[in-house]
Amino acid sequence: MEDRELMEKELLVIKGVCDLYLHGAIESSTKEVHEAFQCALEESLNIQNKIYNLMAEKGWYKMEMAEQTKVNQAMQKYSSMN
């Protein structure tokens with residue numbers, strides 16, 4: 001397995017971990033449990049960001065720029081919900 005494949009798999013795993021920690025924080029029944037999940041989530045998000053940045057440096061993860069009209073539509077949609 002090549003480095004790129006390993007990094008892609010690691011990124012998927014850490015995204016799943018972040019999802020689990022987020023739900024744990026949302027569903028936690030005590031302040032202490034909530035804080036533990038929140039701390040774990042923050043740490044996992046930092047790891048995810050490092051993986052993403054490394055992949056982007058190597059050209060393995062490319063972002064596409066969103067069309068300005070789509071950005072404006074999303075902003076209008078979500079600003080009307082407030």
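Which side chains meet in a salt bridge at 3.1 Å, N to O? I found those of Glu-8 and Arg-4. I took a salt bridge to be a side-chain nitrogen of Lys or Arg within 4 Å of a carboxyl oxygen of Asp or Glu.

**Basis of the entries**

I worked from a predicted model, in which local features need pLDDT of at least 70 and side-chain atom pairs count only at pLDDT 80 or more, while totals for chains, interfaces and linings use all residues. Residues are numbered from 1 along each chain as its sequence is written, and side-chain values use heavy atoms, with hydrogens and water left out.

**Helix H1**

I looked up helices as DSSP runs (H or I, at least four residues; strands are E, at least two), numbered from the N terminus.

I then checked burial, using relative accessible area with a 1.4 Å probe and protein chains only: buried is under 20%, exposed is over 50%, and partly exposed lies in between. In H1, I noted Met-7, Leu-11, Ile-14, Cys-18, Gly-24 and Ala-25 as buried. Helix H2 (31-57) is included in what covers these residues, where contact means heavy atoms within 4.5 Å.

**Salt bridges**

I recorded a count of 2 salt bridges. Side chains of opposite charge can pair when their charged atoms come close.

In helix H1, Glu-8 and Arg-4 are 4 residues apart, and therefore separated by about one helical turn. Glu-8 counts as partly exposed because its relative accessibility is 33%; Arg-4, at 38%, is also partly exposed.

In the other pair, the side chains of Glu-35 and Lys-31 meet at 3.9 Å, N to O. They are 4 residues apart in helix H2, so about one helical turn separates them. Glu-35 is partly exposed at 42% relative accessible area, whereas Lys-31 counts as exposed at 59%.

**Cysteines**

How many disulfides does the structure hold? I found 0, taking a disulfide as a pair of cysteine sulfur atoms within 2.5 Å. Cys-18 is in no disulfide, and the nearest cysteine sulfur, that of Cys-39, is 13 Å away. Cys-39 is likewise in no disulfide. I noted Cys-18 as buried because its relative accessibility is 8%, and Cys-39 as partly exposed at 48%.
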